[in-house]
Amino acid sequence: MTPRRAHLGAGTLAAAVLVLVACQQPAPGEPDQRSDAERVVVQVSDAEAATDVVSATEAFGLTMLASGDADSNVVTSPASAVVALAMLAEGARGVSEAELDALLGASGPDRTDAVGALLAALQEHDGDPALAAADELPETPLAHLANQIVLDEGFEVRAEFLDTLAAGYGAGIATADLATRDGVRVLGAWVREHTGGLIPGSAIEPKPELRLVLQNVVVLAARWESPFDASDTRDVPFAVRADDVPLVRTMHGLREVPYAEVDGWRAARVPYAEAFSADLVLPPDGVDPADVPAGTLGALVAALDAAQPVEVELAVPALDLPPARLALAPAIEAAGAASLLDPDTADLTGIDDDLFVGQAVQQAMLRMDEEGTVAAAVTEIGVELSSGEAPRDARELSLDRPYLVRIAHDDTGWPLFVAAIRDPRG
């Protein structure tokens, strides 16, 4: 029997703790500025805006999917993007702050507490990210999240901004010459370390105007609660388009899992060994998976939360999608925070004067096979200076055309990864 997702704020998390922030110090050395602030972590049940941030994360994930190439696979981490944008929001003021508050679903200390609590909710699953890249998946799920701010050499930001990132997000602090390729290698080294090498480097381009970079990493490695039998895996047709129906390697298995149907969209929730699940969502024939209405996806998730497990015959393509770059500026603009991207309208004076978001990019990868799933994403925001046969009554969900994958934390419902799979061959 598959356990159903607990309600957000059910009080199942550890008590609030104070943890001394240990700022990571990658090369080239000690930062000019550091924070002595202590990490303050609250329970999700005590973070009043946590539910709103989860809903906003879901919505921004769909915006990210819609901003990607409509003819390609698009793998995203809404959680990673929201954490990076929340860190940026700590330094936003005026119109830019209001836009980010609307995008993130919360403002001020409530936003800080909510995002910090969601990060803390996953902390019990933290571990060495190198395990995610190993030949064998870990026995219990690994979810590694990390944050960092890299300052350009000689650039000083407001102390309150650094203190908030340290206390609310546990962000490490480093410095580098962000105008040079050698300096930007500091960013790449951190990405490789915290993704276990699954993502090989940073996507930030060095520029003389670049003053700081905010980085977030999310890595998940998890075994299925019930692995698929490799002997049942076989090549079956997958309709990439009406005129392109290749054979793709597809896993098969009968599972007793939550199942739901809303407005012609069908979904099954397949659990990992513990704490996480993958929602496999098939759109109506002829509908692109990234076009799922937010209300429909929300209704599907709610229905899966409430559903009793039933037998479902699954056919799931195996995936090995390498890291791909997604520019976040279109999604940020579409979500109503365009002022951040314009030197004339951006207000990041909580960091320093005359700054705007000059670069915003996410890289994400996804592997899914008979044993389980490995997914990793890094979000970077560069702030620049302005200038077998189933029983008869079993349901059937055959992912034989473009579909959606949503991987979420069970206790909070926080969507860590959302992907539109249009061609499982990569």
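A: The side chains of Asp-101 and Arg-111 meet in a salt bridge, with 2.7 Å from N to O. This pair links distant parts of the chain, ten residues apart: Asp-101 is in helix α3 (residues 94-104) and Arg-111 is in helix α4. Keep in mind that the model is predicted: local features need pLDDT of at least 70, side-chain atom pairs count only at pLDDT 80 or more, and totals for chains, interfaces and linings use all residues. Residues are numbered from 1 along each chain as its sequence is written, and side-chain values use heavy atoms, with hydrogens and water left out.

A salt bridge here is a side-chain nitrogen of Lys or Arg within 4 Å of a carboxyl oxygen of Asp or Glu. Side chains of opposite charge can pair when their charged atoms come close. Helices (H or I, at least four residues) and strands (E, at least two) are DSSP runs, numbered from the N terminus. Buried means under 20% relative accessible area and exposed means over 50%, with partly exposed in between (1.4 Å probe, protein chains only). With those words in hand, Asp-101 is buried, and Arg-111 is buried too.

By the rule above, the count comes to 24 salt bridges. One of them joins Glu-370 to Arg-249 through their side chains, at 2.9 Å from N to O. This pair also links distant parts of the chain, 121 residues apart: Glu-370 sits in the loop between β14 (355-368) and β15 (372-385), while Arg-249 sits in strand β8 (residues 247-257). Elsewhere, salt bridges that share partners join Glu-58, Arg-269, Asp-279, Asp-305 and Arg-406 into one network.

The side chains of Arg-406 and Glu-58 form a salt bridge at 2.9 Å, N to O. Arg-406 is buried because its relative accessible area is 1%, and Glu-58 is buried as well, with a value of 15%. Tyr-259 lies in strand β9 (residues 259-262) and counts as buried because its relative accessibility is 12%.

Asp-263 is placed in the loop between β9 and β10 (265-271), and its phi is positive, about 50 degrees, although Asp-263 is not a glycine. Most residues other than glycine have a negative phi. Asp-263 counts as exposed because its relative accessibility is 64%. Ala-275, in the loop between β10 and β11 (276-282), also has a positive phi, about 70 degrees, without being a glycine. Ala-275 is partly exposed, with a relative accessible area of 21%.

Now back to helix α4 and its charges. Asp-113 lies in this helix, which spans residues 108-121, and Asp-113 is partly exposed at 34%. Together with Asp-46, Glu-48 and Asp-110, Asp-113 forms a negative surface patch. Patches are made of residues with over 30% relative accessible area and no salt bridge, with like charges joined within 9 Å and nonpolar side chains (Val, Leu, Ile, Met, Phe, Trp, Tyr) within 5 Å.

Ser-80 lies in helix α2 (residues 78-89) and counts as buried because its relative accessibility is 0%. The side chain of Ser-80 makes a polar contact with the side chain of Thr-379 at 2.6 Å. Such a contact is a pair of N or O atoms within 3.5 Å; within protein, one must be able to donate a hydrogen and the other to accept it, and residues adjacent in sequence count only if both atoms are side-chain atoms. Meanwhile, the backbone nitrogen of Ser-80 is 3.1 Å from a polar atom of the Ser-77 side chain. Ser-77 is found in the loop between β3 (74-76) and α2, and Ser-77 is buried at 0%.

Conventions: Areas by Shrake-Rupley, 256 points an atom, 1.4 Å probe, with all protein chains shown as cover. Lys, Arg positive; Asp, Glu negative; His and termini not counted. Charge placed at Lys NZ, Arg CZ, Asp CG, Glu CD.
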